[in-house]
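Hi,

Here is the structure I promised to pass on. Have a look at it first, and then read my notes below.

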Amino acid sequence: AALAVEAQDVATEEDQGGRDLGRLLPILLVFLLVSGGSYGALTVFAAEREAGTLETLLTTPADRRAVVRGKFLCVLAATVATLLSNLLGLALAALLGTSDLPGGALGPSRLLGMAVFLPALVLLTAVLCLACGRARSFRQGQQLLFPLTLALVVPTTVVLVPDLEHSIALGLVPLAGAALSLRDALRGALEVGPTLAMAASHVAARAWALRRLATLLDAERALAGGDVRAEAAQRRLGTRSGLILGGAAVLAM
């Protein structure tokens, strides 16, 4: 009873920073990737459909799978650019000491280990393309993004569970397995089996999403339009309702 016990963390600065990042970065990356890739997905699908250029493309004898792959790669480029720019800013902030992260939190080994999240990046891009490919207009695509983002974030919250061990079963769960693999990589304790299971499940899910998108981009379905006048009237009604509710909220505040 007379002895005072003092806990001292013997982990290195890089391990401490990786542990802290592992509880935050997987969730943050989903928000960043969806926000960055959504602009590209909305442009090449919803905006082109609304402008009529998608219908023109689908009247050509080009293979639908080739069209989907081309548009998917464009959105993927925007998503990767978003990821790299944000990671670079985070690493510079850690090195310069302008963040709460230790200077060695994002060392070369940790940055290299973050490559395990690439399957999730590709899957997120495919899901964005599928969601925006179903949208009939740019506005409808924008309305889909908020619930879609929440649905994609939920599986990654498994990293918040204390002492949850990664396993092959968890690796098969889309996004949840990638989040756990990234957490382990940042901790410096990446396991091969669950990571391979995660990569295989994400590749399969990405392939299904792109096949589904190619089916949706059937020329007859894309060219089949509804009642343009009725749709325009509904859009004007929705705009008026939005303005009224927005004005009432401002006045109430």
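One definition before we start: a helix axis here is a line fitted to C-alpha atoms over the stretch in contact, and angles run from 0 to 180 degrees between N-to-C directions. Helices are DSSP runs (H or I, at least four residues), numbered from the N terminus. This is a predicted model, where local features need pLDDT of at least 70 and side-chain atom pairs count only at pLDDT 80 or more, while totals for chains, interfaces and linings use all residues. Residues are numbered from 1 along each chain as its sequence is written, and side-chain values use heavy atoms, with hydrogens and water left out.

Let's begin with α9 (residues 176-187) and α10 (residues 192-216): their axes come within 9 Å and cross at roughly 145°. The crossing is left-handed (the near helix is turned anticlockwise from the far one by less than a right angle; clockwise would be right-handed). Gly177, Ala178 and Ser181 of α9 are in contact with Thr195, Met198 and His202 of α10 (contact means heavy atoms within 4.5 Å). Sorted by class, that makes two nonpolar, four polar and no charged residues (Ala, Val, Leu, Ile, Met, Phe, Trp, Tyr, Cys and Pro count as nonpolar, Asp, Glu, Lys and Arg as charged, and the others, Gly among them, as polar).

Next, α7 (residues 138-153) and its partner α2 (residues 25-51). The α2/α7 crossing is right-handed. Among the residues that meet are Val30, Phe31 and Val34 in α2 and Leu145 and Leu152 in α7. By class, this contact has 11 nonpolar, five polar and one charged residues.

α7 also packs with α6 (residues 118-134), at about 150° with the axes 11 Å apart, so α6 is roughly antiparallel to α7. Leu124, Val127, Leu128 and Ala131 of α6 meet Leu144, Leu145, Leu148 and Leu152 of α7. That gives eight nonpolar, no polar and no charged residues.

Finally, where does Lys71 sit? It is in helix α4 (residues 64-96). Lys71 is buried at 8% relative accessible area (buried is under 20%, exposed over 50%, partly exposed in between, with a 1.4 Å probe and protein chains only). Leaving out residues up to four places away in sequence, Lys71 touches Val44, Phe45, Glu48, Leu54 and Leu57.

Cheers

How values were computed: Helices (H or I, at least four residues) and strands (E, at least two) are DSSP runs, numbered from the N terminus. Angles under 35 degrees count as roughly parallel, over 145 as roughly antiparallel, 65 to 115 as roughly perpendicular and the rest as oblique.
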